[in-house]
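Take a moment with the sequence and the 3D view before reading on.

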Amino acid sequence: MSHMLVVPVVLPALVATFIVTAARFDLVLQRVFSLASTAALLAVALGLWLLAGDGVPRSYRLGDWPAPFGIVLVLDRLSALMLLLTSVLAMLVALYAAASFWDRRGRHFHALFQFQLMGLNGAFLTGDIFNLFVFFEVLLIASYGLVLHGAGARRITEGLKYVAVNLAGSTLFLLAVGLLYAVTGTLNMADLALRVPTVPEADQALLRLSAVLLLVVFAIKGALVPLHFWLPGTYAAASPPVAALFAIMTKVGAYAILRVYILVFGDAAGAAARIALPFVLPAAALTLVVGMTGVLASRSLTALAVWALVGSVGMLLLPLGLLTEAGTAAGLYYLVHSTLTGAALFLLADLVARRRGAAGDGLVAAPGFVEADLLGGLFFLAAIAAVGLPPLSGFIGKLLILQVLAAHPARTVLWATILVTSLAALVGFVRAGSTVFWKREPAAAEPSHGPGDRAALCAAAALVAAPMLLAAFAGPTIATMEATARQLFTPSVYIEAVLGPARLADEGTIQ
Amino acid sequence: MELLMASGVGVLTMVGVYLILRARTFPVVLGLTFLSYAVNLFLFAMGRLAVGRPPILDPEATGYTDPLPQALVLTAIVISFGMTALLVVLALRGYLETGQDHVDGRVRSEGDAP
């Protein structure tokens with residue numbers, strides 16, 4: 001049993017505790033440990049990703065209690081992919097936060113950041129649905145602190161709403177988990193996958209209620225319309241590095257939908273099979289429309305990034321909501337692309353706002369600012385990726401999604417939705433870019449920037465480079481996503497890894 | 001006992017939902033507290049209702065009650081208690097900073113983004 005599986009959860013927890021206790025008053029030390037931790041997490045995530053590349057899921061029994069009685073962490077291709085994505089994003093965002101001095105505007109930024117990573121990594125690794133709830137809480141509690149980072153009246157009022165909505169969501173999660181336990185007697189996801197098909201007829205209503213409640217919870221996390229109301233205000237009020245990190249938070253909802261509705265309520269689940277199917281697709285289409293309309297109506301670069309993020313969740317849940325292998329592969333490619341692009345937009349908005357002084361990131365004509373051409377170029381690239389124009393990865397992702405949806409009965413409506421919203425996003429981004437970067441007088445001020453600003457710019461530029469790399473290596477990336485989707489739709493390998501081959505064969509004969 | 005338990009959970013949920021939908025922070029905090037009470041009771045009943053049975057090994061026991069829901073409730077209580085405390089602090093801070101305690105954002109302060 002490789003202990004490497006537990007490192008992504010334990011390492012940030014230890015570093016965060018150390019930062020809170022020992023490095024409390026020393027920001028430099030905090031930065032060093034935070035950055036070193038994210039770099040180590042990246043190395044570990046890369047190692048785990050290579051480990052998962054052989055297609056065999058691995059389980060790690062905490063305390064060596066045998067599953068399903070103890071809690072397990074499970075590493076398969078999907079969780080390895082999410083870990084890798086999280087650690088890449090976390091390292092660049094941590095670098096940006098330190099370089100742009102955002103971490104100085106309040107206390108404990110780096111400690112909260114590490115706790116957030118612990119929650120994210122745990123949620124991606126856990127193989128137990130109550131443990132998923134616990135890690136959701138860990139990441140939410142850290143995120144409450146991060147949203148409030150920097151304080152100010154607006155962050156407090158938005159933060160209050162964010163906390164209230166998520167507390168209500170947690171309550172629903174507990175209700176769903178309780179129902180699931182009542183009808184199946186287990187909370188281990190692999191065990192659930194075996195027991196859900198055998199739930200007696202009398203308990204089917206409770207089982208389905210639990211499945212739908214879980215979907216509501218994941219939709220709140222993923223900000224699916226009509227449960228997206230908490231997101232725009234919160235993300236716009238949060239400090240930019242926090243908003244950039246939160247680009248992955250909505251994807252946690254998407255991940256949970258994939259995991260639960262393919263493994264537990266998958267094809268074999270009897271009467272509750274594919275229960276998410278009628279809900280996810282229409283909600284995703286609506287989310288896409290609402291998000292891109294928001295892009296069109298945005299009055300600042302940050303609002304633009306927020307609404308583009310809302311739209312991107314809708315976009316990626318369109319193919320994921322089909323709950324098919326091809327759809328999942330296309331959705332995962334778009335997931336990676338949209339997370340990194342979304343984060344890049346938040347950081348670029350902040351870089352522009354810092355240089356423009358009073359005008360901030362508003363979409364108004366303003367006096368020139370230093371390095372407008374460089375930032376304009378980066379924004380141009382990020383916008384191309386976010387809108388989905390060739391040659392960057394947004395285009396490839398949308399092409400894959402359109403292809404997958406071609407087989408769907410409601411093809412015409414879905415295609416029209418995607419293409420029209422893309423046009424809306426294009427208009428929104430073009431208007432924003434031309435107002436901010438073209439309607440200006442030549443820069444009067446001399447470039448005045450410290451080494452910190454350079455590093456911040458590099459972090460944002462690295463995020464902008466991601467869609468280029470994803471486009472350049474689209475072939476191998478898509479092949480990996482297809483392998484991930486294939487593994488996801490072969491639940492028996494997951495179950496075998498958690499419960500052992502004997503149990504799987506045993507249950508097979510009972511049915 | 002079943003009827004008492006079920007109606008207890010039901011009434012608590014009703015009160016909680018009603019209070020959450022109020023426009024001021026204090027009722028919302030109370031509402032969330034009531035909801036978490038309801039959920040805790042609900043989780044407790046998930047292991048089936050039993051009277052006078054031990055949850056852990058006892059040589060004289062004739063039957064056992066399921067210990068897992070009790071562990072789940074304990075976790076849920078700890079989390080919701082901590083979160084309620086945070087929410088109260090946030091509500092107070094928000095009131096002190098903005099001078100009003102509306103949650104729906106109708107009374108907007110200056111500098112709010114769309």
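Leaving aside its neighbours within four places in sequence, which residues is A:L347 in contact with? This is a predicted model, and in it A:L347 touches A:Y96, A:P240, A:A244, A:A459, A:A460 and A:L463. That count skips residues within four places of A:L347 in sequence.

Two of these names come up again in the nonpolar core. The largest such core has 232 residues. A:L347 and A:A460 are among the residues with the most contacts inside this core, together with A:L89 and A:L348. Which helix gives the largest share of the core? Helix α3 of chain A, residues 77–99, does, with 19 residues.

Now step back to chain A as a whole. Its secondary structure comes to 21 helices and two strands. The C-alpha trace spans about 80 × 60 × 40 Å along its principal axes. Take the contacts in chain A between residues at least 6 apart: 78% of them join residues at least 24 apart.

Next come some details in the loops of chain A. Start between β1 (58–61) and β2 (72–75), where A:P68 has its place. The peptide bond from A:A67 to A:P68 is cis, and its omega is near 5°.

The loop between α8 (204–222) and α9 (230–237) holds A:P226. Here a cis peptide bond joins A:V225 and A:P226, with omega about 5°. A:A223 is also found in the loop between α8 and α9 of chain A. Its phi is near 55°, a positive value in a residue other than glycine. Is A:A223 buried or exposed? A:A223 is buried, because 24 other C-beta atoms lie within 10 Å.

Move on to the loop between α13 (301–320) and α14 (325–356) of chain A, where A:L323 is found. A:L323 is not a glycine, yet its phi is positive, near 55°. A:L323 counts as buried because it has 23 C-beta neighbours inside 10 Å.

A:W438 lies between α17 (411–437) and α18 (451–472). Why does A:W438 count as exposed? A:W438 counts as exposed because it has 10 C-beta neighbours inside 10 Å. For a sense of distance, pair A:W438 with A:N166. They are 272 residues apart along the chain, and 41 Å separates their C-alpha atoms.

Turn now to chain B. The unreviewed UniProt entry annotates residues 6–21, 28–51 and 71–92 of this chain as "transmembrane region". Two of these stretches can be followed in the model. Residues 6–21 of chain B are 94% helix and 0% strand, and the end C-alpha atoms lie 23 Å apart. Residues 71–92 of chain B are 100% helix and 0% strand, with end C-alpha atoms 32 Å apart.

Helix α3(B) deserves a separate look. It has 31 residues. From first C-alpha to last it reaches 44 Å, close to the 45 Å expected at 1.5 Å a residue. Its buried residues include B:L72, B:V73, B:A76, B:I79, B:M83 and B:L87. What covers the buried residues of α3(B)? The cover includes α5 (129–147) and α6 (153–184) of chain A, together with α2 of chain B. Just after α3(B), B:G99 takes a positive phi of about 75°.

That cover leads to the place where the two chains meet. The contact takes 31 residues from chain B and 25 residues from chain A. On the side of chain B that touches chain A, α2 (25–45) and α3 (68–98) of chain B each supply at least two residues. The largest share of that side, 14 residues, comes from α3(B). By class, the side of chain B that touches chain A has 20 nonpolar, eight polar and three charged residues.

Methods:
Residues are numbered from 1 along each chain as its sequence is written. Chains are lettered from A and ligands numbered from 1 in the order in which they are written. This is a predicted model: local features need pLDDT of at least 70, side-chain atom pairs count only at pLDDT 80 or more; totals for chains, interfaces and linings use all residues. Two residues are in contact if their C-beta atoms, placed from the backbone, lie within 7 Å. Helices (H or I, at least four residues) and strands (E, at least two) are DSSP runs, numbered from the N terminus. Ala, Val, Leu, Ile, Met, Phe, Trp, Tyr, Cys and Pro count as nonpolar, Asp, Glu, Lys and Arg as charged, and the others, Gly among them, as polar. A nonpolar core is a set of buried Ala, Val, Leu, Ile, Met, Phe, Trp, Tyr and Cys residues joined through C-beta atoms within 7 Å. A residue is buried if 20 or more other C-beta atoms lie within 10 Å of its own, exposed if 12 or fewer, and partly exposed in between; C-beta atoms are placed from the backbone. UniProt positions are given in the numbering used here, feature names are shortened, and annotations may be inferred rather than shown by experiment. The expected span of a helix is 1.5 Å times one less than its number of residues.
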